[in-house]
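Please keep the sequence and the model in view while reading.

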Amino acid sequence: MTIFDYFIVLTYIVSVFYLGLKYRDRSSDFSNFMIAGRKVGLSLGVATMLGTELGLITVMYNAQTGFNDFFAAFHIGLFALVVTMFIGITGIVVVKLRELRVKSIPEYYEIRFGKNVRILGAILLVIGGILNMGLFLKVGAIFVQGVLSATYGISWLEESESILAIIMIILLVMVLLYTILGGMISVIITDYIQFVVLSIGLILSVLFSIHNLGWFNIFDQLEILVSNPKSIYDPFQSRGGFYVSWQLVLGFVSAIIWPTAITRALSLKSPETVKKQYLWSSVSFLIRFMFPCFLGICAYIHYNGKVIGGETLMMMPMYLVEILPVGVLGVMVAAMLAAFMSTHDSYLLCWSTIITNDIIDPITGGELSSKQKINISRIIIIILGLYILYWGLVYDGLDSIWTYLGITGAVYFTGAIAVILFGLYWEKASSVGALAALLGGLSALLGLEPIRKSISMFSTFQPEQIGLMTLAFSMILMIVFSLIFPDKKERKV
Amino acid sequence: MIVWKLIWQLLFVIGFLSFNLIFIFFSIKGYRELKELLKGNYEK
């Protein structure tokens, strides 16, 4: 990194802050704060959907996946493309939810199954969600650490825990300030800017990688470096059928019911726009996996398969510092930091408003004013920020970040997908069945590496196997309990 | 192995080209919509 690169990074961060703060006082209404008053059009929806979904974390874990699994990891992107396109064509789930004009998935739970399901659903959503984002801050800090290490060649910096903690605190303060002062309008502004800058940064990084390593040489080198060439390309050889099936499930749920994605869909102007947005976003969903995976593969070749500093996550940022020219590196680092902010503000806003809207508000009788809800959400944002700092410092699981994200997300989505699919498309689905399915999702916690290893019965299972079992378990609970305990009165939805 | 290799190469090239087009189109149209959204929100 040169002084010019630092200048670009600083200018960029200051500009994003300025824009966010400039528009902060416009978020005086809770509906604006949460879903931008449902005024987002198709183009802005497509741009900001990628802005939210293509965060620094996404780039980092996908680069790590590419570094570990090579081209075989592209199947994750392929599934994301196919599934998102399918949602765009059929409108499954998302259009129905938009037609109901709900602000969040737990709101749907209440309309279909009653208040208890809404509160339990929101609690589980928040447990899964905040566990899921628990490592975001740490991963962001590892990126900065990797860039600084490659720039200054300071070997101790690569492994220093205290430096990592300091970077985490600086990043956290930046994100909290921005999110608390803004709201969904500010989130949309940063998401848009991030979509533009990060897209340019990624396209350039891919082009420079191909220019440096040579398109055909990438494949040739990889086949020399990896002992089993078949595993480079074949996902079934590389990770097995359970893993591949699990990726299909993850592709489906991350597009259809993951709150940050669905919140964007619910803020669109009309149900028809929702379908179009998913159709166009399908390419973005492919790219957000494929480009970073490719950069991870290039980093593997560049370093001849060696892992420097014992951390595979750090390899992609170090690689970028070495290959990108002055100026482009500055843009890329700035874009990654903005991506970090954009993902955090989207997630913090999403979880805090769900806690306020779907747990605190119903419990307190639904009489909170918009101003009170916004203030409560802001306090929760600070608490969540402190939690991710704590969790990033204490959690020491060894699974890859993508595996961690999949299994923590499963705590929420395995139950939620059963409740939503059956709730929307099966008349006999009952509130007791919904409660049982949601609670069944908790069994995904067994897939977390420290828990899995501590229980001998599950220690031999892979996270994806536990995830698939949890999904099947929740579906069965939904069907069985709905048949045994049907609702007494018919619901309209 | 060769089939998988070809699939990923094809997917990468098509994905790269279509993303470039999508990026140009939606960044321009998205900017216009963002301006409208901010303007409307301000006037409200």
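Chain A is divided by the domain assignment into domain 1 (3-395) and domain 2 (397-493); such bounds come from an automatic or database domain assignment. Residues are numbered from 1 along each chain as its sequence is written, while chains are lettered from A and ligands numbered from 1 in the order in which they are written. The model is predicted: local features need pLDDT of at least 70, side-chain atom pairs count only at pLDDT 80 or more, and totals for chains, interfaces and linings use all residues.

The C-alpha centres of domain 1 and domain 2 of chain A are 24 Å apart. Across the boundary, 38 residues of domain 1 of chain A are in contact with 32 residues of domain 2 of chain A, where contact requires that the C-beta atoms of two residues, placed from the backbone, lie within 7 Å. On the side of domain 1 of chain A that touches domain 2 of chain A, helix H4 (56-69), H7, H8 and H16 of chain A each supply at least two residues. Helices (H or I, at least four residues) are DSSP runs, numbered from the N terminus. H8(A) gives the most to this side of domain 1, with 11 residues. By class, this side of domain 1 has 26 nonpolar, 10 polar and two charged residues. Here Ala, Val, Leu, Ile, Met, Phe, Trp, Tyr, Cys and Pro count as nonpolar, Asp, Glu, Lys and Arg as charged, and the others, Gly among them, as polar.

How do H7(A) and H8(A) meet? The axes of H7 (residues 105-113) and H8 (residues 115-132) of chain A come within 7 Å and cross at roughly 155°. Axes are lines fitted to C-alpha atoms, for helices over the stretch in contact, and angles run from 0 to 180 degrees between N-to-C directions. H7(A) and H8(A) are therefore roughly antiparallel to each other; angles under 35 degrees count as roughly parallel, over 145 as roughly antiparallel, 65 to 115 as roughly perpendicular and the rest as oblique. Among the residues in this contact are A:Tyr109 and A:Phe113 in H7(A), and A:Val117 and A:Leu125 in H8(A). The contact of H7(A) with H8(A) comprises seven nonpolar, one polar and four charged residues.

H16 (residues 241-256) and H25 (residues 463-484) of chain A have axes that come within 9 Å and cross at roughly 55°. That angle makes H16(A) oblique to H25(A). Their contact includes A:Trp246 of H16(A) and A:Leu468 of H25(A). The residues of this contact of H16(A) with H25(A) divide into six nonpolar, three polar and one charged.

Another pair consists of H11 (residues 161-181) and H20 (residues 328-363) of chain A, whose axes come within 9 Å and cross at roughly 55°. H11(A) and H20(A) are therefore oblique to each other. The residues that meet include A:Met174 and A:Tyr178 in H11(A), and A:Phe340 and A:His344 in H20(A). The contact of H11(A) with H20(A) has eight nonpolar, two polar and one charged residue.

The contact between the chains takes 24 residues from chain B and 30 residues from chain A. The side of chain B that touches chain A has 14 nonpolar, seven polar and three charged residues.

Finally, the confidence values may be considered. Chain B has a mean pLDDT of 85, and 89% of its residues reach 70 or more, pLDDT being the predictor's confidence in each residue, from 0 to 100. The model scores ipTM 0.90 and pTM 0.85.
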